[in-house]
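Have a look at the model first, then read on.

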Amino acid sequence: MAANSQLPRRIIKETQRLLSEPAPGISASPSEDNLRYFNVMILGPTQSPYEGGVYKLELFLPEEYPMAAPKVRFLTKIYHPNIDKLGRICLDILKDKWSPALQIRTVLLSIQALLSAPNPDDPLAEDIAKQWKEDEAKAVATAKEWTRQYAQG
Amino acid sequence: MQRLTRSSARQREEETRPSLPSTNQNSSKRRKQSTENTVTATGNDQVSSDKVAKRTPEEPSNPTTAGTKPSASNSSQQPEQVQNQESDVEISEIPESDVSYFGYCSDDGGEVQSNSKVATETSCMDEQARRRQQQEDTEEVAELLGVENSVATLLLRSVAWNKEDLLSRYMEDAEKVCAAAGVANPAAVSLAMLSAQVSDRECSICRLDGPLAFSALSCGHSYCDCCWKRFLSLKVEEGETRIVCPEPSCSLQVPENIVRQLCDRETFEKYSAYVENAFVDESKTCVWCPYPNCGLSVGTTDSSSKFIICAQRHSFCVECRSEAHAPAQCDQVIEWLKKCDDDSETFNWLSANTQDCPKCQSTIEKNGGCNHMTCRKCKHEFCWVCLGLWQSHTDYYSCNRFDPDKVKASEDGKAKSRAALDRYLHYYHRYMNHERSRKLEEQIRDKAVLKMEELQKKEPQRLWGDVQFVGEATEKLCKCRVVLKWTYVFAHALEDSSSQKNLFCFLQEDLERNTERLSELLESEVENLLKAEVKSEVLALAAVATQSRLKLLQGVEEGLVA
């Protein structure tokens with residue numbers, strides 16, 4: 001725990017709040033042996049193809065955090081135009097729009113919002129985005145199928 | 001026209017005084033700028049060389065010869081210089097009232113003027129001058145709008161450094177301009193950094209409690225100085241030059257002086273360098289030299305031509321960013337280069353550096369830029385390009401022309417595509433050939449210098465200046481080569497057998513002949529080159545070739561053939 005003893009106050013405070021007042025449909029808890037590594041769970045938002053799914057993610061706070069953005073990745077397989085096979089997420093605030101005034105909580109809320117509103121015009125998974133634009137109904141059906149198949153907790 | 005002639009004569013006068021490279025007393029601001037800023041006035045070089053060309057005694061048909069002879073005798077006290085390029089001096093010695101006497105000259109002046117538009121590269125604002133201009137613009141805007149320099153910089157950057165545009169827009173709608181630039185309105189308060197010791201407040205970034213020193217831009221989003229410093233340093237490290245307030249909903253930009261105030265010196269210097277580079281990227285008045293590892297920026301505003309030259313003497317086209325490619329047009333160049341890329345396999349075969357002697361079939365490698373080949377084995381003399389007999393070549397030089405009849409003769413089912421390929425290869429072969437020749441010829445000067453060193457050891461009375469003309473002539477030769485190279489791209493785009501093309505080919509032929517003559521002469525041994533009669537021949541030929549080059553470029557520019 002020597003490394004954790006030097007944990008910045010900001011991370012300690014954020015962690016405390018995440019645990020004491022979790023955002024609806026989101027849970028994040030630090031790993032025991034590395035307090036910069038979080039196990040995250042996001043519930044598929046209602047009225048989205050991901051409804052009823054439980055999505056596991058990993059979140060890591062790099063050394064430069066909060067000046068640099070946290071690194072977040074889906075561990076659960078998901079059919080989404082902005083999330084690729086490896087679970088990497090295309091989200092502006094994780095890249096150039098990151099600001100130190102943002103937090104873990106805001107990041108996870110943004111990811112949850114991304115599940116509600118896929119953006120096939122700014123795709124990461126080209127093939128899924130193509131499907132989404134050509135035949136949205138079919139894409140949504142596939143996403144639901146994947147939710148049922150891979151995201152049952 | 002007369003005015004032009006006079007002023008250009010005056011201009012030439014200045015340029016020929018070596019001790020006074022830049023006199024700043026010129027009335028026009030633009031002129032002042034260019035004398036101050038230009039590193040090497042290539043455009044003016046052209047003017048003088050052209051002038052020499054027009055007045056070369058070796059061109060008996062030239063109407064100027066008679067007209068300019070008296071002026072030449074005016075300066076007979078400098079016979080050496082008359083031979084040399086300094087002959088411009090005489091022109092400026094003619095009283096201005098005599099301008100009408102230069103009936104031809106004023107045309108000439110006009111020709112040079114128009115040539116400098118398209119044909120010749122203009123050297124422009126260099127790095128230092130650019131910085132100075134940047135500084136001046138910033139200070140002017142700061143003064144006019146009553147803001148700090150660093151705010152003026154932000155405002156200018158938001159409109160790609162177009163000062164006039166900024167000022168007129170600011171007068172119209174200051175609020176809009178400020179919002180677009182990420183500057184608080186009124187801009188004067190942008191810098192109001194609120195700094196205070198707040199003991200009982202927590203910084204929303206590091207979440208540390210006071211006592212901490214807080215700072216904020218005029219938007220009031222306040223963070224501790226330590227967080228500011230880390231934030232700015234990281235942004236600078238990332239190469240960001242438009243740093244905005246950390247608050248996600250805020251679009252206020254951090255001005256330069258805040259970076260200076262809050263970061264260490266090293267970071268600030270890095271930031272300044274990035275901002276300076278951003279000036280070139282954003283400004284429409286200058287561009288980066290596209291040559292590999294050059295990294296110099298060149299101003300484009302004082303150029304009348306799209307071909308400009310950087311301080312390292314790389315000349316390039318502002319529009320398509322390739323080598324200066326007169327007389328070919330940008331779209332022709334782009335298409336051509338793409339085609340060359342696509343058909344690279346064919347070219348690999350084509351550009352093999354050897355050819356067989358047409359007589360004894362020995363494999364021959366070209367070891368100089370000149371097309372006059374002599375087989376070492378059988379002494380057969382032939383043209384490298386068409387492999388025809390050299391003897392029959394000099395007078396009826398038609399190897400620059402593509403003869404469509406020849407191709408038509410080979411009638412078969414695939415004649416058309418075959419003809420297209422043949423046609424293309426015809427031009428490509430000649431295009432590459434001139435490129436290779438130029439590369440070889442660029443070494444002539446170095447060789448001459450080396451040789452001079454040797455000679456000096458043996459004969460210490462030799463002077464460096466004796467070999468100077470070789471370098472100058474080589475430079476002219478290379479310029480002709482570049483133009484020749486691109487003439488083939490231009491010709492490739494012209495319709496075969498059209499009158500335009502015939503005219504163009506005529507000009508091309510003229511240039512090619514003179515260039516080859518010059519090339520051949522310059523390739524002789526240095527001892528030979530140092531002979532007075534050879535030297536004067538070199539100078540004359542260089543002038544004639546330059547004249548041919550300008551004639552061709554002018555022809556294209558005036559649309560005679562385009």
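The contact (heavy atoms within 4.5 Å) draws on 17 residues of chain A and 16 residues of chain B. Keep in mind that this is a predicted model, where local features need pLDDT of at least 70 and side-chain atom pairs count only at pLDDT 80 or more, while totals for chains, interfaces and linings use all residues. Residues are numbered from 1 along each chain as its sequence is written, chains are lettered from A in the order in which they are written, and side-chain values use heavy atoms, without hydrogens and water.

**Where A meets B**
- About 1200 Å² is buried between chain A and chain B (accessible area lost on being put together, 1.4 Å probe, summed over both), and carbon and sulfur atoms give 60% of that.
- On the chain A side, R9(A), R10(A) and M67(A) lose the most area, together 44% of what that side buries.
- Two salt bridges (a side-chain nitrogen of Lys or Arg within 4 Å of a carboxyl oxygen of Asp or Glu) are counted between chain A and chain B.
- R9(A) and D209(B) meet in a salt bridge through their side chains, at 3.1 Å, N to O.

**Aromatic rings**
- Over all chains there are 17 aromatic pairs (ring centres of Phe, Tyr or the six-membered ring of Trp within 6.5 Å; planes under 30 degrees apart are stacked, over 60 edge-to-face, the rest tilted).
- W146(A) and Y150(A) pair edge-to-face, 5.5 Å centre to centre with 75° between the planes.
- Ring pairs also link W336(B), Y424(B), Y428(B), Y431(B) and W486(B) into a cluster.

Note on methods
Buried area = accessible area lost by both parts, 1.4 Å probe.
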